[in-house]
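Please look over the sequence and the fold before reading on.

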Amino acid sequence: MGSGPPVADARLWSVMFTVYVIKDVLGSKYTGCSNNLSERLNEHKGKLTKTTRKGDGWEVVYTREFVSRTEALRFEKMLKTGRGREMIRDLVGE
């Protein structure tokens with residue numbers, strides 16, 4: 001029998017980076033990366049972000065978490081290519 005406390009999942013103690021895709025009511029999409037998704041969404045919805053200021057009703061349509069910021073940024077960059085946009089269309093059913 002173990003005498004120490006249970007081992008916690010290392011991800012609970014580290015910062016996670018989320019790559020996300022949001023979509024507005026007219027169907028425009030935005031792909032981004034953040035270590036605090038709820039705060040970042042509030043910035044988009046509050047029109048505090050230049051790239052999404054003109055859109056309304058932004059909703060999350062896709063997320064994927066990464067432990068490494070480098071991996072997250074690499075994946076975000078890939079999603080912004082033709083192959084990545086096609087992958088998102090397949091994942092969100094468009």
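## Terms and model

Axes are lines fitted to C-alpha atoms, for helices over the stretch in contact, and angles run from 0 to 180 degrees between N-to-C directions. Helices (H or I, at least four residues) and strands (E, at least two) are DSSP runs, numbered from the N terminus.

The model is predicted: local features need pLDDT of at least 70, side-chain atom pairs count only at pLDDT 80 or more, and totals for chains, interfaces and linings use all residues. Residues are numbered from 1 along each chain as its sequence is written, and side-chain values use heavy atoms, with hydrogens and water left out.

## Helices H2 and H3

H2 (residues 69-79) packs against H3 (residues 82-92) at about 85°, and their axes lie 6 Å apart. H2 is therefore roughly perpendicular to H3 (65 to 115 degrees).

Phe75, Met78 and Leu79 of H2 meet Arg83, Gly84, Arg85, Met87 and Ile88 of H3. Contact means heavy atoms within 4.5 Å. By class, the contact has 5 nonpolar, 1 polar and 2 charged residues. Ala, Val, Leu, Ile, Met, Phe, Trp, Tyr, Cys and Pro count as nonpolar, Asp, Glu, Lys and Arg as charged, and the others, Gly among them, as polar.

## Thr18

Thr18 sits in strand E1 (residues 17-23). Its relative accessible area is 7%, so Thr18 is buried (under 20%, 1.4 Å probe, protein chains only). Leaving out residues up to four places away in sequence, Thr18 touches Gly32, Cys33, Ser34, Leu37, Thr63, Arg64 and Glu65.

## Val25

Val25 lies in the loop between E1 and strand E2 (29-34). At 63% relative accessibility, Val25 is exposed (over 50%). Beyond residues up to four places away in sequence, Val25 touches Asp56 and Gly57. Val25 and Glu59 are 34 residues apart in sequence, with 8.4 Å from C-alpha to C-alpha.

Methods. Parallel < 35°, antiparallel > 145°, perpendicular 65-115°, else oblique.
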